[in-house]
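Subject: Structure for your review

Dear colleague,

My notes on what was found in it follow directly after.

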Amino acid sequence: MMRAPTTSLPLVLDRVGFSAGGVEILHDLSLRIEPGAPTIILGPNGAGKSVLLRLCHGLLSPSGGSIRAGNVAVSTERTALVFQRPVMLRRSVLANVAYGIVGKHARGRASALLERVGLSHLARRPARKLSGGEQQRVALARAWGRNPEILFLDEPTASLDPAATRAVEDIVGEIAAQGVKIVMATHDLGQARRLAGDVAFLHKGRLLEHTPAATFFDAPRTPQAAAFLRGELLT
């Protein structure tokens, strides 16, 4: 499928801060996300990974700083976000995927996407009756159907078994191969090694490292990142 020239990349965050309820969650964060292989967001629980994705997607507005998306404004129309626990509508699997697709051929495209994620045999099943892994694949197909330029994934395999995790990773890889920029938060270091082109490491709401994946895993530059890779509890 031919894609229009990407206009939402690079995604540039300049000294972004975010506060909620009087608590500063992200601090003076500057990050440039380029086209190419997936960008993986790593960090311990509470580091601010989910908030960062929501800011980039446009669901939240920064308390300070700015976010620029190529030559267009940050918009949920040009990006998609898949949550750790996907929201399934009270509809069939096919109708869930078709929901976000614009045009008279929505159901045909939805059927094709279900084939690509290996769920065409469940098209008429109520989506809420599926397993967690199957629901996540439906959510990925639904997001893919929107033709996003950037797909944000918030720990999409956190509660899945190894087989379901691998199925989701395969789909993510296929979406990335189609030219969609993947920005994914995960706590799974093995998954990050398998998927990452570059890694952004957060700790206590601050960006401590942003490097190519090989550099991050082989020669982390900060003691916090090194401790995280060793599986140590960060304070």
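In these notes, a residue is called buried when its relative accessible area is under 20%, exposed when that area is over 50%, and partly exposed in between, with a 1.4 Å probe and protein chains only. Please note that this is a predicted model, in which local features need pLDDT of at least 70 and side-chain atom pairs count only at pLDDT 80 or more, while totals for chains, interfaces and linings use all residues. Residues are numbered from 1 along each chain as its sequence is written, and side-chain values use heavy atoms, with hydrogens and water left out.

Overall form

The protein contains 8 helices and 9 strands; these are DSSP runs numbered from the N terminus, helices being H or I of at least four residues and strands E of at least two. Its C-alpha trace spans about 50 × 40 × 35 Å along the principal axes. The radius of gyration is 18 Å, which agrees with the value near 18 Å that a compact globule of 235 residues would have. That radius is taken over C-alpha atoms, and the globule rule is 2.2 Å times the number of residues to the power 0.38.

Of the 235 residues, 49% count as buried. The accessible surface comes to about 11300 Å², and carbon and sulfur atoms account for 50% of it; areas come from the Shrake-Rupley method with a 1.4 Å probe, and for residues only the protein chains shown count as cover. A contact here means heavy atoms within 4.5 Å. Among contacts between residues at least 6 apart in sequence, 67% join residues at least 24 apart.

Hairpins

Strand 1 (residues 11-20) pairs with strand 2 (residues 23-33) over 7 bridges, and Val12 has Arg32 as its bridge partner in strand 2. The turn of this hairpin has 2 residues between the strands, and Gly21 in it shows a positive phi of about 60°.

Strand 8 (residues 198-203) and strand 9 (residues 206-212) also run antiparallel, joined by 6 bridges.

Nonpolar cores

In soluble globular proteins, nonpolar side chains tend to be buried together. A nonpolar core is defined here as a set of buried Ala, Val, Leu, Ile, Met, Phe, Trp, Tyr and Cys residues joined through side-chain atoms within 4.5 Å. The largest such core has 49 residues, and those with the most contacts inside it are Leu42, Leu114, Leu140, Leu151 and Leu153. Helix 4 (residues 132-144) gives the most to this core, with 6 residues. Apart from this core lies another, of 25 residues, among them Leu31, Ile33, Ala47 and Cys56.

Leaving aside neighbours within four places in sequence, Leu42 is in contact with residues including Lys49, Leu189, Val199, Phe201, Phe216 and Phe228.

Salt bridges

The whole structure holds 9 salt bridges, each being a side-chain nitrogen of Lys or Arg within 4 Å of a carboxyl oxygen of Asp or Glu. Three of them are described here.

In the pair of Arg54 and Asp154, the closest N and O atoms are 3.0 Å apart. This pair links distant parts of the chain, 100 residues apart, with Arg54 in helix 1 (residues 49-57) and Asp154 in strand 6 (residues 150-154). Arg54 is partly exposed, at 22% relative accessible area, whereas Asp154 is buried, at 5%.

Arg116 and Glu174 form a salt bridge with closest N and O atoms 2.9 Å apart. Arg116 in helix 3 (residues 106-116) and Glu174 in helix 5 (residues 162-177) are 58 residues apart. Arg116 is partly exposed, at 39%, and Glu174 is partly exposed, at 27%.

Asp170 and Arg166 form a salt bridge at 3.3 Å between the closest N and O atoms. Both lie in helix 5, 4 residues apart, about one turn of the helix. Asp170 is partly exposed, at 46%, and Arg166 is exposed, at 52%.

Glu155 lies in the loop between strand 6 and helix 5 and counts as buried, at 11% relative accessibility. Not counting residues up to four places away in sequence, Glu155 touches Lys49, Gln84, Ala185, Thr186 and His187.

With kind regards

Note on methods
Pairing = 2+ DSSP bridges.
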